[in-house]
Amino acid sequence: MENIFKAHKTLFLSGNTLSYEFRVSQLKKLKRLIIEHQEEILEALYKDLHKSRFEAYSTEVGYVLKSLTSTIKSLKKWMKPKKVKTPFYLTTTSSYLTYDALGTVLIIGPYNYPFQLIVEPLIGAIAAGNTIIIKPSEFAAHTEKMLIELINGHFDKDYLYVLEGDYTVTSKLLDLKFDHIFFTGSSRVGQIVYEKASKHLTPVTLELGGKSPTIVDETANLKIAAERILFGKFLNAGQTCIAPDYIYVHDTIHDEFITTLNQVINTRYSDMDSFGRIINDRHFNRLTALIDETKVTQEVVTDAPTKLISPTILKGVTWEDKVMQEEIFGPILPVLKYSNLKDLVSLLKTKDKPLALYLFSNNKKNQTYVFENLSFGGGAINDTIMHVSNPYLPFGGIGMSGIGAYHGFYSFKLFSHTKGYVKKATWLDLPIVYPPYTKAKEKLIRKIFK
Ligand code: NAD
């Protein structure tokens, strides 16, 4: 590990990763490899999480291919130094921004989108000119193996390298003096990463999770709300960081909405063949223990050998229930009731700031009230999870749900240092800033700063 790390540092210092030509050639190579090996990637995702081809392509393989295409197209423009405004008192001066590569960076991934959540930040790190060490999740073992073959088998190991192993490997990696650490995973491990990074003052991006609320008010289109909430919740069997964790439904439409949710489940989720499975026994057991049989709205099918948990709605849930004590991260959707939106917003303000928040409402005042009064990573009105697919929006959390944001240009910026500098002419030299500092100079500076 230390040798790989040293070789990465040496390569970075050589400056060979910095040119536009080098960066774009590596991005194109990555794109070509993903296209060539897409069947193996889809296969690995199926073996790890029983992802259907549609899900695996749209949320992982196709998703990063799209991102590669637009990054390759935009990189030259992003890399250009930008001229910015200069205030009048800096006369004869021009001001610029450049984006400098950071150095050797570490990317640590989770198990739920084990391919996309490694490759998406990787695109930004390559685009920004860094050397990169990758540590995928050991729990998505097939994808981990496939990433090792794809990357270690085709890239210079001093430039891009995937390390395999459990958390002890990650822990040792975190002792090294990286120039940036990009971590996706739980808030619990995020705290460990942050603490370890602080030893070297290494900057971090923490893409974490938490309980993302969804509100359905009395003006919502109930059928559309049910469809879109259940899509966001049951994608990847609920193992999505921005999945709606729980729903608050206005009491006047509560019973009708529960009926609508059950109807959508019956029409869309009767076939469990293309439904995802829980990653491992530990999470399967954790999740089944969250299901209170007295609160389910329809029959729940669980199967330990295949780690299947069928779509589960719980009603009459309160904050005392076990399911409300932790991020669910599985196909269980608790429904709670509210009667006053202002009171609900006040309550949600007391909780940790979530990664996402969704509101289903056709009332503009309610939309503005919720989005102006609550702080969360990102979200949607009358939809779930789709904000993640817009590369023009920064994606990241706040507070316990994360630090920093990426996607599109934001990824490039995140893996760069934005360096600001000024360039001054020499044909004129106004002596105001030079001592001695007379009363007249003070008067002038006060005037300028007014
Ligand atoms: P996790 O935190 O358990 O593991 C993430 C990574 O950290 C893995 O690679 C693992 O090997 C490593 N790790 C685990 N324990 C460690 C330790 N003690 N020291 C150092 N490294 C350690 O997360 P997970 O279970 O794989 O993923 C689920 C979590 O990730 C959920 O909380 C989810 O919300 C979050 N998540 C967030 C995003 C996002 O974009 N914000 C995306 C996906 C998942």
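A salt bridge is taken here as a side-chain nitrogen of Lys or Arg within 4 Å of a carboxyl oxygen of Asp or Glu. By this rule the count comes to 16 salt bridges. The model is predicted, so local features need pLDDT of at least 70 and side-chain atom pairs count only at pLDDT 80 or more, while totals for chains, interfaces and linings use all residues. Residues are numbered from 1 along each chain as its sequence is written, and side-chain values use heavy atoms, with hydrogens and water left out.

One of these salt bridges joins the side chains of lysine 211 and aspartate 245, at 2.6 Å from N to O. Lysine 211 sits in the loop between β7 (204–207) and β8 (213–216), and aspartate 245 in the loop between α9 (222–234) and β9 (246–250), so the pair ties together parts that are 34 residues apart in sequence. Helices (H or I, at least four residues) and strands (E, at least two) are DSSP runs, numbered from the N terminus. Both lysine 211 and aspartate 245 are buried, where buried means under 20% relative accessible area, exposed over 50%, and partly exposed in between (1.4 Å probe, protein chains only). A salt bridge also links lysine 157 to aspartate 158, with the closest N and O atoms 3.8 Å apart; here lysine 157 is partly exposed at 47% relative accessibility, and aspartate 158 is partly exposed at 24%. Lys223, Glu227 and Arg268 form a network of salt bridges.

Strand β3 (residues 104–108) runs parallel to β4 and is joined to it by five bridges; strands pair if DSSP finds at least two bridges between them. Within this pairing, isoleucine 107 has isoleucine 134 as its bridge partner. From β3 the chain passes through helix α5 (residues 116–127) to β4 in a right-handed β-α-β crossover, that is, the path from the first strand over the helix to the second runs clockwise with the strands pointing away from the viewer.

Strand β5 (residues 160–162) pairs with β4 in the parallel sense over three bridges, and leucine 160 in β5 stands opposite isoleucine 132. With helix α6 (residues 141–152), β4 and β5 make a right-handed β-α-β unit. Lysine 135 is buried at 1% relative accessible area, whereas glutamate 138 is partly exposed at 22%.
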